[in-house]
Amino acid sequence: MPGQQRRRYRISGNVVLGCVVCVAVGGLVLALGIWQMRTGDVRFLHGYHYANVPDADRLALARESGRWIAATGLCVTALGFSLLLPDPAADAVAVALVAVMLVLIAVTCRVIVKHNGSLFG
């Protein structure tokens, strides 16, 4: 548009580093959740999260909690990519993703309580 200057959006090194870290951590969490769902193994949960779960029910715990852990990993990954957005959009998306992550963590805890009887053995 005539008479208006175009603002350039520059990505700082800290933003790139934050994006890389979020994508790496989110990818790891996603992979652990998928692994847990596919194998039915709960070994990556703390022992007190499945201390009272009978062996026959551990498969269900692994699959249910793995689903929510994987979803949390996706949110962390998306949070990393949201850092690359321009400032107002990045802030809004980050707030929304953090809210979703908190809900997903609460649902994961609820699944553990459902199978274990409590969150901490």
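The exercises below go through helix packing, cysteines and aromatic pairs.

This is a predicted model, in which local features need pLDDT of at least 70 and side-chain atom pairs count only at pLDDT 80 or more, while totals for chains, interfaces and linings use all residues. Residues are numbered from 1 along each chain as its sequence is written, and side-chain values use heavy atoms, with hydrogens and water left out.

**Exercise 1. Describe how helix 1 and helix 2 pack, and say which residue classes make up their contact.**

Step 1: Find the helices, which are DSSP runs of H or I with at least four residues, numbered from the N terminus. Helix 1 covers residues 13–39 and helix 2 covers residues 55–82.

Step 2: Take the angle, which runs from 0 to 180 degrees between N-to-C directions of axes fitted to C-alpha atoms over the stretch in contact. For this pair the angle is about 165 degrees, and the axes are 7 Å apart.

Step 3: Classify. Angles over 145 degrees count as roughly antiparallel, and helix 1 and helix 2 are therefore roughly antiparallel to each other.

Step 4: Look at the contact. It has 15 nonpolar residues (Ala, Val, Leu, Ile, Met, Phe, Trp, Tyr, Cys and Pro), three charged ones (Asp, Glu, Lys and Arg) and nine polar ones (the others, Gly among them).

**Exercise 2. How many disulfides does the structure have, and how far is the sulfur of Cys22 from the closest cysteine sulfur?**

Step 1: Apply the rule that a disulfide is a pair of cysteine sulfur atoms within 2.5 Å. The whole structure has zero disulfides.

Step 2: Check Cys22. Its closest cysteine sulfur is in Cys19, 7.3 Å away, which is too far for a bond.

Step 3: Check Cys75. The nearest cysteine sulfur is that of Cys22, at 12 Å.

Step 4: Cys22 is buried at 19%, and Cys75 is buried at 10%.

**Exercise 3. Classify the aromatic pairs Trp35–Phe44 and Tyr48–Phe120.**

Step 1: Rings of Phe, Tyr and Trp (its six-membered ring) pair if their centres lie within 6.5 Å; planes under 30 degrees apart are stacked, over 60 edge-to-face, and the rest tilted. This gives two pairs.

Step 2: Trp35 and Phe44 have centres 5.0 Å apart and planes at 70 degrees, so they are edge-to-face.

Step 3: Tyr48 and Phe120 are 5.6 Å apart, centre to centre, with 45 degrees between the planes, a tilted pair. Tyr48 lies in the loop between helix 1 and helix 2, and Phe120 in the segment after helix 3, 72 residues apart.

Terms used. Helices (H or I, at least four residues) and strands (E, at least two) are DSSP runs, numbered from the N terminus. Angles under 35 degrees count as roughly parallel, over 145 as roughly antiparallel, 65 to 115 as roughly perpendicular and the rest as oblique. Buried means under 20% relative accessible area, exposed over 50%, partly exposed in between (1.4 Å probe, protein chains only).
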